[in-house]
Amino acid sequence: MLILLLIATSFPGCREKEKKATETAMCLDTIVTVTCYADTQEKADKAAKAAISEVQRIELLLSAYIETSDIYQINQNAATTPVKVSDETVSVLSKALDFCEKTSGAFDITIKPLVELWNIKAENPQVPTDEQIGAARDKVDYKSVVIEDGYVRFLKEGMKIDLGGAAKGYAADKVFEVLKKHGIKNALIDLGGNIYAMGRSESDAPWKIGLQDPDKERGEHFYVMELSDKTCVTSGSYERYFEKDGKIYHHIIDPETGYPADGNLLSVSVSGDSSFEADMLSTAIFVMGTEEFEKIKSNFNYDKYVVVTNNNGTSNHAVYEKQ
Ligand code: FAD
Ligand code: MG
């Protein structure tokens with residue numbers, strides 16, 4: 001996730017008569033805010049409410065924390081009995097598994113045994129032993145998820161799916177569709193830093209989204225993304241982490257080592273058309289590093305990505321455009 005700052009603007013000329021509605025809710029363990037513009041207040045209000053309902057619907061389907069969700073049911077049972085899931089879950093999992101394959105497993109939706117072992121949100125989180133990490137790592141293997149005729153099964157005991165690095169992006173794309181169905185052309189969808197910027201901002205120009213500088217106070221940005229019917233998603237190591245003996249242990253895990261990804265990246269922001277893909281990409285690039293990713297970039301859909309690197313205490317940023 002990450003803080004993206006909306007660079008403030010005001011209504012000019014023809015947009016003055018537009019009505020604006022903003023709805024905010026806590027879901028997906030983050031703050032979701034949708035602001036949309038329409039010719040009537042009623043239309044704007046209705047669309048913003050429908051947007052939040054859509055996020056809540058997706059959370060009920062894909063959360064690993066809600067007992068009735070498809071993902072929870074898979075995690076409980078799929079190692080012993082195939083689990084019947086909705087067509088939508090099949091579609092999300094199939095696309096996510098394809099993505100895992102394209103990253104050769106740097107992104108792996110079966111990361112949950114390692115996420116649970118590191119448990120960075122615990123009151124007093126601990127660094128696991130190498131033995132514990134090895135045991136959890138054996139259960140992380142996207143190739144051992146089988147989807148057949150609407151059923152999901154695992155080929156190994158103890159496997160668990162975690163869509164924490166993908167489902168906020170998927171939700172942002174779905175909210176975009178819902179708003180379009182409501183006739184909305186201009187809106188800002190913010191799912192805890194997963195942004196989808198529809199149409200144009202109040203100043204009738206592309207939305208300007210500032211990327212938070214990881215080293216500075218909240219509100220200070222180092223780069224401005226201009227977005228119109230585009231998404232921008234950020235993954236960073238400086239929001240969800242714990243510190244032990246002077247070392248930072250964050251929430252983006254390298255499936256190969258079982259440890260938090262240990263490159264020199266502080267954050268990765270990806271822009272493009274699909275928030276689902278940008279969400280997975282921001283996490284994947286964080287794990288792989290830019291050098292590895294540049295070798296395989298033609299397999300992915302995005303416009304550009306911006307990384308912040310930590311070079312012996314000083315941070316720098318670099319922008320990689322997709323040719
Ligand atoms: P991203 O970089 O986009 O994703 C990082 C997250 O992806 C990690 O936190 C981990 O979950 C997972 N991940 C780590 N390494 C990898 C890897 N190599 N490959 C693939 N995935 C990886 N959190 C709660 O504490 N309680 C909740 O009830 C809860 N409900 C959620 C429901 C949904 C539907 C979603 C999408 C998320 C929910 N979360 C919940 C939050 C989630 O667990 C992550 O903390 C959050 O999504 C991190 O997102 P990010 O944008 O910060 O980072
Ligand atoms: Mg991500």
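Hi everyone! The C-alpha centres of domain 1 and domain 2 lie 24 Å apart. The bounds of these domains come from an automatic or database domain assignment, and in the protein chain domain 1 covers 4-61 + 173-321 while domain 2 covers 65-154.

A quick word on what you are looking at. This is a predicted model, where local features need pLDDT of at least 70, side-chain atom pairs count only at pLDDT 80 or more, and totals for chains, interfaces and linings use all residues. Residues are numbered from 1 along each chain as its sequence is written, with chains lettered from A and ligands numbered from 1 in the order in which they are written.

Now, where do the domains touch? The contact takes 19 residues from domain 1 and 27 residues from domain 2; two residues are in contact if their C-beta atoms, placed from the backbone, lie within 7 Å. On the domain 1 side, helix 1 (41-62), strand 12 (241-244) and helix 7 (275-288) each supply at least two residues. Helix 7 gives the largest share, 6 residues. Helices (H or I, at least four residues) and strands (E, at least two) are DSSP runs, numbered from the N terminus.

Let's finish with W207, which sits in strand 9 (residues 207-212). Is W207 buried or exposed? W207 counts as buried because it has 27 C-beta neighbours inside 10 Å; the cut-off for buried is 20 or more other C-beta atoms within 10 Å, with C-beta atoms placed from the backbone. Beyond its neighbours within four places in sequence, W207 is in contact with L188, A197, S201, L227 and S228.

Technical notes
A residue is buried if 20 or more other C-beta atoms lie within 10 Å of its own, exposed if 12 or fewer, and partly exposed in between; C-beta atoms are placed from the backbone.
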